[in-house]
Amino acid sequence: TYQQFQGEHVTGSAALFMTAGVIALILTPYIRVIASVIYFGWEKNIKYVLITLFVLAVVTLSLALH
């Protein structure tokens, strides 16, 4: 079991599956903010569109600079 944590017996497909899961977890808030911008734009709520675009810019910068 200790060797599994060190990654000695992790196959390529398992590592790919774990990587895909981590990427999905990282992108979930990003996709939600994009969906919020679309929703508030659809509702023509300019105040919340601008606020959500600011949040999108911050999330984009944090992902790009990480």
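H2 and H3 first: they run roughly antiparallel to each other, a label for angles over 145 degrees. This is a predicted model, where local features need pLDDT of at least 70, side-chain atom pairs count only at pLDDT 80 or more, and totals for chains, interfaces and linings use all residues. Numbering starts from 1 along each chain as its sequence is written, and side-chain values use heavy atoms, without hydrogens or water.

Now the geometry. Helix H2 covers residues 12–42 and helix H3 residues 46–65. They pack at about 155 degrees, axes 9 Å apart. Helices here are DSSP runs of H or I, at least four residues. Axes are lines fitted to C-alpha atoms over the stretch in contact, with angles from 0 to 180 degrees between N-to-C directions.

Who makes the contact, meaning heavy atoms within 4.5 Å? From H2, the residues include Ile26, Tyr30, Ile34 and Phe40. From H3, they include Tyr48, Thr52, Leu56 and Leu63. The contact divides into 14 nonpolar, four polar and no charged residues. Gly counts as polar, Tyr as nonpolar.

Next, the rings. Tyr39, Phe40 and Tyr48 form a cluster through ring pairs, with centres within 6.5 Å. The count is two aromatic pairs.

Last, a charge. Lysine 47 lies over the face of tyrosine 48, 5.9 Å from the ring centre. The cut-offs are NZ within 6 Å of the centre and within 35 degrees of the ring normal.

Notes
Helix = DSSP H or I, 4+ residues; strand = E, 2+ residues; numbered from the N terminus. Parallel < 35°, antiparallel > 145°, perpendicular 65-115°, else oblique. Contact = heavy atoms within 4.5 Å. Phe/Tyr/Trp six-rings, centres within 6.5 Å; stacked < 30°, edge-to-face > 60°.
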